[in-house]
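I opened this model to look up its charged pairs and its nonpolar surface. My entries follow the order in which I checked them.

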Amino acid sequence: MDKIAKDVGDIQSRLLDHRPVINAEIRYFMREFEEKRGYRESRLLENINKSVLETNEQMPPANFEDMKHQLSDINKRLDAANHMAERVQQRELEAQQGTQLKVNMEQLKEDWAEFLKEQQRLKEEVDEEHARAVGQLSTKYNEKKKELAKFTL
């Protein structure tokens, strides 16, 4: 029974535990990669570093001053262009807001006219109701007056 458990454990570790195989493959890949590529990247970086250093040595300081001056001129031009672009955007925004304001004003005028029509209709209804109430009260008052006149005679 102990031997069967050991065999099952051995089979399970061989089937499911791939770490030893993966580690061996990684070591093999690294060894092959280092042998084939060698130190090409470090040599390439050294060559680039040398060319940058040579370029820095060859560039005279007067060029730096000229470049600073030119860059400041370019910076001033960019600032002016940005300012002009902001002004154009502001004008467009104001024009857009102006047209939106006109549209809103027209809508408010239409709403106000509709409101006044509704108020006029409600006023007429109230006037009619008032006239009916006055008529009913007049009729009732006249009837009471007649009844009173009968009793006084």
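The entries below cover salt bridges first, then a surface patch.

I worked from a predicted model, in which local features need pLDDT of at least 70, side-chain atom pairs count only at pLDDT 80 or more, and totals for chains, interfaces and linings use all residues. Residues are numbered from 1 along each chain as its sequence is written, and side-chain values use heavy atoms, with hydrogens and water left out.

Entry: salt bridges. I took a salt bridge as a side-chain nitrogen of Lys or Arg within 4 Å of a carboxyl oxygen of Asp or Glu. I got three by this rule.

Entry: Arg-121. I found Arg-121 bridged to Glu-118, with the closest N and O atoms 2.3 Å apart, and to Glu-125 at 2.4 Å, N to O. Arg-121 and Glu-118 are three residues apart in helix 4 (residues 61-152); helices are DSSP runs of H or I, at least four residues, numbered from the N terminus. Glu-125 lies four residues from Arg-121 in helix 4, about one turn.

Entry: Lys-123. I noted its salt bridge with Asp-127, closest N and O atoms 3.4 Å apart.

Entry: surface patch. I looked up a nonpolar patch of about 510 Å², made by Ile-22, Ile-26, Phe-29, Met-30 and Phe-33. Patch residues have over 30% relative accessible area and no salt bridge; like charges are joined within 9 Å, nonpolar side chains (Val, Leu, Ile, Met, Phe, Trp, Tyr) within 5 Å. Areas come from the Shrake-Rupley method with a 1.4 Å probe; for residues, only the protein chains shown count as cover. I placed Met-30 in helix 2 (residues 19-37).

Notes:
Helices (H or I, at least four residues) and strands (E, at least two) are DSSP runs, numbered from the N terminus.
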